[in-house]
Amino acid sequence: MGSVTDDEVIRKRLLIDGDGAGDDRRINLLLKTFTKWCNSPGTPEESFTQYQRMLGTLAQCEFSLGKTLMVYDMNLREMENYGTIYSNIEQNITSAHEKIAECKKEIQRAKRVRKNRQEYDALAKVIQNHPNRHETLKQLEALDKELQQLSNIKENVDAKLELRKKQFHVLLSTIQELQQTLENDEKLDTDENNQQSPSGSAE
Amino acid sequence: MGPVELLHMSVFSQSFSPCGRFLAAGNNYGEIAIFSLCAALSPDTSEAGRKPVLTFSAHDGPVFCLESFGGHLLSAGDGSVSAWNWAELIKKNVKAVWTRRPEYKASMEIPEINAMVINPRDNSVVFGGGDNNVHILDLEHGVFKSVFRGHTDYVHCLSVREREGEVLSGSEDGAVRIWDTRTSQCVHCVEVHKYQKCARPQFGKWISCLTTDSDWMLCGGGPSLSLWHLRSLTPTSVFALSGCQRRATFYQDMILAVGQGPTVSHCLLGGQVKAQIPCTPNNINSLELNTNSAEHQVLTVAGSSQFVDVFTNVSYRAFSLCF
């Protein structure tokens, strides 16, 4: 048991080398002063002062012990603190990743919307170049009416023309008939004359 | 490959693998190079990570088009189309799964294929090329099932309007034709250069850039890059970009356009040019976005240079892969 604890002790001593040097020395000094004080004959005032000095050294050692304990507690609490901060940051990272993915999807959506808007704009430009539909309809109606009127007029004129044609036809045919009748009458007259003269000469 | 060849190299086409971890690029020497995106994008990469893991000769002529579909890489350029299996290519086993050639009318030369696009709706591939026609290859049966005739000059670019099942083709004769895949008839024909606000007579009337997202169409080339509303067939916005555009694509709420000039232009649908990002090649032929993989979402740009620029964020060039 002695050798194991010795190794432990040596290792611990080497580890806490920096700060431990002062404390180690103090404890050794205290032990030496204690043994010297126990064995020294000296006057009561000297031994009393030495006793006080030893108490002081002891108090110093206790003080440094208390300090180290507090530092240890503080370190433990710091570790916990860092642990919570670490997990916090991890959570933030994952949520940021998710947000990035969301935003990427949003961008895609927005780009599609933008593309559609641009297509509408392009079409709208072309449509604007053509005249308004109402106006064109009105123009069409007006033209239709004109067309109707003109066709009415045409019908009337046609009817008149037909009538005139028929009347002229009647007139012309009557004239021709009259001519025929007159010619026939003339022919009859000349025939009668011819018949009379040969019969007259024959007598 | 000597330094002179490298200097004269142009990369015409790119395609990402179905897993999204590899990029295939085709150049004017008929080679296809496979780059590993994992190696190139990893933080501790070196120069070797930016080089191809495999380079092989695929065609006799330039590889103008590359597309990935159904685990295969389709490449076309000199009049025929070849299919390569991606899994085999990743294992560095170079062997074409099949090669087909559309039926061309008897002529002395074999016309090149300028554009190739997949129509996933009916599992077919649409080709447009030097013979002024658009050919459809049915992937299930491996036969060319229809031909759309109507253009009077060669076809530069194609696009598929998935919702309506229509194919759009832009050609040197300045017309964008919309074909119905089932009836093989030309449903609409738009002559872009006849519209005052799009036309740029100093450049010509050819259409080299065509893309659609079923409601809207972007087309450009000789005329300025313009956004069209397909249902009314009217141009709604014209983009004031100085060069002739070769590729454009809709990306989120913007339009990315590349062509003449060493820049990728970011434009808004209203017609404003928001930004012009500088790149390595002097003229850019191809622009691809990797939508197959979540962690390698990059934009790659290639053109008249042996470097393929990689953008991890569309606003700036991250690094370049080298052929």
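Modeller: Start with the surface. Chain A has an accessible surface of about 18,700 Å². Carbon and sulfur atoms hold 59% of that area. Keep in mind that this is a predicted model.

Now the fold. Chain A has four helices and zero strands. Along the sequence the pattern reads α-α-α-α. The C-alpha trace spans about 230 × 35 × 20 Å along its principal axes. The radius of gyration is 71 Å, whereas a compact globule of 203 residues would have one near 17 Å. Buried residues account for 6% of the 203 residues in chain A.

One is nonpolar: A:F48, A:Y51, A:L55 and A:L58 form it. Together these residues have about 360 Å² of accessible area. A:Y51 sits in helix α3, which covers residues 44-129. Its relative accessibility is 35%, so A:Y51 counts as partly exposed.

A:D189 belongs to helix α4, residues 133-202. With a relative accessible area of 48%, A:D189 is partly exposed.

What about charge over the whole of chain A? There are 29 positive and 34 negative side chains. The centres of the two sets lie 15 Å apart.

Now the salt bridges. Over all chains, the structure holds 13. In chain B, a network of salt bridges links B:R161, B:R163, B:E164, B:E166 and B:D215. Take B:E164 and B:R161: their side chains meet in a salt bridge at 3.3 Å, N to O. B:R161 is buried, at 7% relative accessible area, whereas B:E164 is partly exposed, at 29%.

B:D215 and B:R163 form another salt bridge, at 2.7 Å, N to O. B:D215 lies in the loop between β17 and β18, and B:R163 in the loop between β13 and β14, so the pair ties together parts 52 residues apart in sequence. B:R163 is exposed, at 52% relative accessibility. B:D215 is partly exposed, at 28%.

One more salt bridge joins B:K194 and B:E191, with the closest N and O atoms 2.5 Å apart. B:K194 is exposed, with a relative accessible area of 60%. B:E191 is partly exposed, at 26%.

Notes:
Residues numbered from 1 in each chain as written. Chains lettered and ligands numbered in written order. Predicted model: local features only at pLDDT ≥ 70, side-chain atom pairs only at ≥ 80, totals over all residues. Heavy atoms only, no water. Helix = DSSP H or I, 4+ residues; strand = E, 2+ residues; numbered from the N terminus. Rg over C-alpha atoms; globule rule 2.2 N^0.38 Å. Buried < 20%, exposed > 50% of the residue type's maximum accessible area, 1.4 Å probe, protein only. Areas by Shrake-Rupley, 256 points an atom, 1.4 Å probe, with all protein chains shown as cover. Lys, Arg positive; Asp, Glu negative; His and termini not counted. Charge placed at Lys NZ, Arg CZ, Asp CG, Glu CD. Patch = residues over 30% accessible without salt bridge, like charges linked within 9 Å, V, L, I, M, F, W, Y side chains within 5 Å. Salt bridge = Lys/Arg side-chain N within 4 Å of Asp/Glu carboxyl O.
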